[in-house]
Amino acid sequence: MNIKLVFLLILLEISIFPMDLNAQTTFQFGALPALNINRKLKNDWSINAKIESRQLFRRGEINGISENKYNYVLTDYSLITAKKVGLNSRIAAGYLIRIEGEEVNHRFIQQFIIVQKFSGFRLAHRFLSDQTYSYVEQPEFRLRYRITTELPLNGEAVDPGEFYLKVNNEYVNSLQGGEYDLEIRIVPLLGYDVSSNFKLESGLDYRVNSFLNQATRHSYWLSLNIFMEI
Amino acid sequence: MRKLFFLVIIYLPGSLFAQVKFEKERRIKPRDVPAGALAFVDSLNIEQRIKWFLEEGESSKSIEAKFKFNKSNYSVEFDTLGGLQDVEVEVDWKEIDRSVKEAIIMQLQLDCAKFKINKIQKQYTGSKKLSYSIFNNQAINKELELKYEVVVRCSQSSGVELYEYLFDEQGKKLSSAKIIFRNSSHLEY
C-alpha cells in the first residue's frame, strides 16, 4: 500500500464535496477527543468502554455568514462487549448514552468486525447497525460500513515506540422519520504506539451529510484518540 | 517466522513450558547493514527492490533482507556481524515432495480437527558459499540443511487459531508456535 496513494485518495474525496455550489451548504468545525478503554476477558470475550465529547469552535455557511464561538455540544458514554468468533473476526453489541444539554439519547449497537493482515499493512472492516431513541426526536436506525487501514511508518508492523498512519472511511445510512440520509466520513489520523497497550492518535475527522436533500453539511472535527488496554 | 511479526508463544516439543517471545522489527537503510550481509546480497544481483530490516527479539538481534526473485518471496537473515543465518523462500504446497507432504498432513491431522495451510516456506541453513546455489538457477546444494516453516489455520475444540510449525527435511515436526495477533482495538472501535 502506497502512502502517497492513500493521501491522494483522501484529498480527492474530501475535495469533491466542498465544490458543490449549493446555497444551503453549511459547515461546523470543532474537536472530538475520545478515551477508549479495552479489557480482555476469559473465553475470547472483551469489553470496551469509550467516552467521547464534542466541542464546537466555529460554524456557519460556506461563502456566507459564520461565527467563531466555543460551544460544548455533547458527550457520549458507551460500553460494548465483544466475542471473538473467528481467527480475525469479532461480533459485538453494546449501549451508548448521549448527553446533549437536557436531552438524553439511548443507542443500541451491534457490530461485526474482521481484521485482515497483509504484508506491510492491516485492514479492518466494520459492519454496524444502531438504533437511537430519545424523548425529543423520532427513532433513528442506521446501517454503517467502515473500512480502516493501518499503515506502519516503520517496518511491516506497528511496534511500541513507532508511528503509524490510520485512515477510516465510513458510510452511514440513516433512516429517521421516514427520511433517508447518507453520511460519508473520512478520518486520516497519525498514531503513536506508546506501548503495546497504549496508543495515541490525532487527525481530522471529516464528515459530509444531507447532500442528498440539498442541504449539505460539512463537519471538520479535530480528533484526539487515546486507546488503553487494561 | 521472520515474516510474522506477532507476539508468538512457543510450545517446546515434549515440554510443559510455554515460552513467550516477542519480535520487533524496523526498517533500516542499506548503510546501516553490516558489510558482510550487504556484500552477500549485492553479489546475488537481485534486480527487484531489497528491503532491509533489523529484527529484535528478547535476547537477540538479526538483520534481514527481503526481496522478490524469480517471482518468489525471499528473506535472507544475518547476525549483526553479517554472518548468514538462513535463507527462506515461499513455495507452493505442490512443490513439496509427496512423502514430506504426507508426514506434515499426518502431524496436522493429529493436532487439529480441521486445518488449512496458509503459507509454506523452505528454510535453508548453511554457509554463504553453499547458499549461492539457491539463487543461481541450478540444483540447490544438498549440504544445505532444509526445514519447512508452515503457517496453519487450525481448528480445535477450543476455537480456531493460527500456528507456525517447523518441520525437518522429512516432514518431522520440530516445533510449533501459536501466533497471537497484535492488538487491534484501535481498528475496531
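Student: How do I read a relative accessibility of 41%, and into which class does it put B:Glu145?

Tutor: B:Glu145 counts as partly exposed at that value, because this class lies between under 20% for buried and over 50% for exposed. Please keep in mind that this is a predicted model.

Student: Which residue forms a salt bridge with B:Glu145?

Tutor: The partner is B:Lys147, and the closest N and O atoms of this pair are 3.7 Å apart.

Student: With which residue of chain B does A:Lys84 form a salt bridge?

Tutor: Look for B:Glu161, where the closest N and O atoms are 3.5 Å apart. A:Lys84 sits in strand E3 (residues 66-84) of chain A and B:Glu161 in strand E10 of chain B, so this pair joins two chains. Across the interface of chain B and chain A, 3 salt bridges are found.

Student: Is B:Glu161 buried or exposed?

Tutor: B:Glu161 is buried, with a relative accessibility of 13%. B:Glu161 also forms a salt bridge with B:Lys178, at 3.8 Å between the closest N and O atoms. Since B:Glu161 lies in strand E10 and B:Lys178 in strand E11 (residues 173-180) of chain B, the pair ties together parts that are 17 residues apart in sequence. B:Lys178 counts as buried too, at 19% relative accessible area.

Student: Now the interface as a whole. How is its size described?

Tutor: Often the size is given as the accessible area lost when the parts come together. Here the area buried between chain B and chain A is about 2,600 Å², and carbon and sulfur atoms give 52% of it. On the chain B side, B:His186, B:Leu187 and B:Tyr189 lose the most area to chain A, together 35% of what that side buries.

Student: How many residues does each chain bring to the contact?

Tutor: Chain A brings 37 residues and chain B brings 23 residues. Polar contacts can be counted as well: 12 residue pairs make them across this interface.

Student: Which elements of chain B give two or more residues to the side that touches chain A?

Tutor: They are strand E3 (24-28), strand E10 (159-167) and helix H4 (185-188) of chain B. Sorted by class, this side of chain B has 10 charged, 9 nonpolar and 4 polar residues.

Student: What does B:Ser185 touch?

Tutor: Leaving out residues up to four places away in sequence, B:Ser185 touches A:Asn38, A:Phe227 and A:Glu229. You can find B:Ser185 in helix H4 of chain B, and at 8% relative accessibility this residue is buried.

Student: And the nonpolar cores? Which residues have the most contacts inside the largest one?

Tutor: The largest nonpolar core has 39 residues, and those with the most contacts inside it are B:Trp52, B:Phe67, B:Phe78 and B:Phe135. Strand E9 (residues 145-156) of chain B gives the largest share, 5 residues. To explore, select B:Phe78: the residues that B:Phe78 touches, beyond four places away in sequence, include B:Phe40, B:Trp52, B:Ile63 and B:Leu84. Another core, of 8 residues, lies apart from this one, and among its members are A:Ile186, A:Val208, A:Phe211 and A:Tyr220.

How values were computed. Residues are numbered from 1 along each chain as its sequence is written. Chains are lettered from A and ligands numbered from 1 in the order in which they are written. This is a predicted model: local features need pLDDT of at least 70, side-chain atom pairs count only at pLDDT 80 or more; totals for chains, interfaces and linings use all residues. Side-chain values use heavy atoms; hydrogens and water are left out. Contact means heavy atoms within 4.5 Å. Buried area is the accessible area (1.4 Å probe) that two parts lose on being put together, summed over both. A salt bridge is a side-chain nitrogen of Lys or Arg within 4 Å of a carboxyl oxygen of Asp or Glu. A polar contact is a pair of N or O atoms within 3.5 Å; within protein, one must be able to donate a hydrogen and the other to accept it, and residues adjacent in sequence count only if both atoms are side-chain atoms. Helices (H or I, at least four residues) and strands (E, at least two) are DSSP runs, numbered from the N terminus. Ala, Val, Leu, Ile, Met, Phe, Trp, Tyr, Cys and Pro count as nonpolar, Asp, Glu, Lys and Arg as charged, and the others, Gly among them, as polar. A nonpolar core is a set of buried Ala, Val, Leu, Ile, Met, Phe, Trp, Tyr and Cys residues joined through side-chain atoms within 4.5 Å. Buried means under 20% relative accessible area, exposed over 50%, partly exposed in between (1.4 Å probe, protein chains only).
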